[in-house]
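I opened my notebook to look over one protein chain. I wanted the overall picture before any single residue.

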Amino acid sequence: MASKEVEQAIKLGYSYNDEVTEALNANLEGNEQLAYELIRSLDLALKQFKKADDLEPGISLEDGKNTITGKAFAFGLKGVVQNMGLGKRAEAVKNLERSLEITDDIASVHQSLGWIYADSGNKEKGLFHLKKAVELDPDDIESRKTLDRLENVSQAALKYSSFRGSKKALLIWGGLTFLALIGIFSGWDGSIVSFIVFGL
């Protein structure tokens with residue numbers, strides 16, 4: 001049983017993650033002010049997860065919320081915001097990779113990395129992460145379409161492919177997927193978001 005202080009820190013961290021996930025449904029691209037606000041919220045989430053870990057390492061609440069999953073989502077969301085809102089790919093990749101160091105089983109993180117690598121011309125890494133995203137979530141048609149496009153585009157045409165036109169769709173999909181996964185890990189059935197994202 002977690003202490004009240006730890007429970008509050010974990011719940012607050014998840015609340016910041018949820019706030020950012022909801023904001024990702026807005027048009028983030030080119031909105032630097034919103035992007036920096038979201039990054040501040042994610043930094044606050046990470047601070048809360050660290051506080052909880054410092055007090056009671058590895059604790060999991062009764063509803064399944066824990067610092068491991070919370071931190072992984074926060075770093076993944078930070079990478080999405082840095083890429084889409086600020087165009088800072090190098091920083092985005094660092095945070096997405098950091099998310100995968102914590103837990104390697106978040107399909108939307110692999111999908112985001114795959115898209116970034118593909119869009120910057122690194123077909124091999126793009127394919128690796130997109131295949132992993134499809135493996136983790138085989139019902140996600142958007143990841144399958146992105147993977148199919150990448151598998152069928154030449155290296156020379158890669159920089160001019162349809163990936164550039166699909167940024168907004170991928171951002172919305174990524175935000176909804178994060179929301180659904182956060183909901184699932186927190187005990188909420190996520191039925192509305194699952195219906196929107198997966199067509200269930």
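**Entry 1: the whole protein.** I noted that this is a predicted model. I looked up the secondary structure and found 9 helices and 0 strands. Reading from the N terminus, I wrote the order down as α-α-α-α-α-α-α-α-α.

Entry 2: I checked burial next. Of the 200 residues in the protein, 53% are buried. The protein exposes about 9,600 Å². Carbon and sulfur atoms supply 52% of that area.

**Entry 3: contacts along the chain.** I looked up the contacts with a separation of 6 or more. Residues 24 or more positions apart account for 66% of them.

**Entry 4: helix α7.** I picked out α7, which covers residues 141-151. Which of its residues are buried? I listed Ser143, Thr146, Leu147 and Leu150. Looking down the axis of α7, I saw that its buried residues fall within an arc of 100 degrees, so they line one face of the helix. I also checked the start of α7. There, a side-chain oxygen of Asp140 comes to within 3.2 Å of the backbone nitrogen of Glu142.

**Entry 5: Ser41.** I moved on to helix α2, residues 32-55, where Ser41 lies. Is Ser41 buried or exposed? Its relative accessibility is 8%. The cut-off for buried is under 20%, so I put Ser41 down as buried. I then looked up what Ser41 touches, leaving out residues up to four places away in sequence. Tyr16, Glu19 and Val20 came up.

Notes: Residues numbered from 1 in each chain as written. Predicted model: local features only at pLDDT ≥ 70, side-chain atom pairs only at ≥ 80, totals over all residues. Heavy atoms only, no water. Helix = DSSP H or I, 4+ residues; strand = E, 2+ residues; numbered from the N terminus. Buried < 20%, exposed > 50% of the residue type's maximum accessible area, 1.4 Å probe, protein only. Contact = heavy atoms within 4.5 Å. Areas by Shrake-Rupley, 256 points an atom, 1.4 Å probe, with all protein chains shown as cover. Arc of directions from axis to C-beta. Polar contact = N/O pair within 3.5 Å; in protein donor to acceptor, adjacent residues only side chain to side chain.
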